[in-house]
Amino acid sequence: MSLVKLNEVEEFDNALSNEEKVLIFKNSVTCSISEAAFKELEAFTTDHPESRFFYLNVQDARPLSDYIAETFDVKHESPQALIIRRNNVVWHDSHWRVTSQMLDQKWEEA
């Protein structure tokens with residue numbers, strides 16, 4: 001599993017420029033819903049060892065979280081997952097809808 005924590009805008013921009021498609025997960029370390037969604041993310045990434053996936057903790061990286069929301073015109077939520085392909089958000093969802101099954105489906109569609 002390759003799950004990479006991002007803290008800075010530059011790290012996120014590098015991920016976008018180096019990957020054909022990117023899954024980014026916004027996580028809150030103080031929210032039980034985020035904890036459950038993060039476990040779903042971990043299950044999903046285990047099934048895709050060939051790919052790198054990215055996450056950020058909103059408490060540690062709020063400027064990055066805001067940057068993503070503003071750049072892609074997607075309202076900030078937490079937990080939240082976004083799939084970005086060629087600098088376009090092709091899917092995003094939040095809270096209990098972030099499941100391993102949904103991530104797998106949307107990742108394959110992207």
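This is a predicted model: local features need pLDDT of at least 70, side-chain atom pairs count only at pLDDT 80 or more; totals for chains, interfaces and linings use all residues.
Colleague: In which strand is K26 found?

Modeller: K26 belongs to strand 2, which covers residues 21–27.

Colleague: Is K26 buried or exposed, and which side chain of opposite charge is nearest?

Modeller: A salt bridge requires a side-chain nitrogen of Lys or Arg within 4 Å of a carboxyl oxygen of Asp or Glu. K26 is buried yet has no salt bridge, and D66, the nearest side chain of opposite charge, lies 6.4 Å away.

Colleague: With which side chain does the side chain of K26 make a polar contact?

Modeller: The partner is the side chain of H76, at 3.4 Å. Leaving aside neighbours within four places in sequence, the residues in contact with K26 include L56, V58, I68, H76, E77 and Q80.

Colleague: Q80 leads us to strand 4. Why is strand 4 described as largely enclosed by the rest of the structure?

Modeller: Six of the six residues of strand 4 (residues 80–85) are buried, so the strand is largely enclosed by the rest of the structure. Q80, L82 and I84 point one way, while A81, I83 and R85 point the other way, and all are buried.

Colleague: How many bridges join strand 4 to strand 2, and how many join strand 4 to strand 5?

Modeller: Strand 2 and strand 4 run antiparallel and are joined by six bridges; L23, for example, has I83 as its bridge partner in strand 4. Six bridges also join strand 4 to strand 5 (residues 88–94), again in an antiparallel arrangement, and Q80 stands opposite S94.

Colleague: Which residue takes a positive phi in the hairpin of strand 4 and strand 5?

Modeller: That residue is R86, with phi near 50°, in a hairpin that has two residues between the strands.

Technical notes
Residues are numbered from 1 along each chain as its sequence is written. Side-chain values use heavy atoms; hydrogens and water are left out. Helices (H or I, at least four residues) and strands (E, at least two) are DSSP runs, numbered from the N terminus. Buried means under 20% relative accessible area, exposed over 50%, partly exposed in between (1.4 Å probe, protein chains only). Lys and Arg count as positive and Asp and Glu as negative; His and the chain ends are not counted. A polar contact is a pair of N or O atoms within 3.5 Å; within protein, one must be able to donate a hydrogen and the other to accept it, and residues adjacent in sequence count only if both atoms are side-chain atoms. Contact means heavy atoms within 4.5 Å. Two strands pair if DSSP finds at least two bridges between them.
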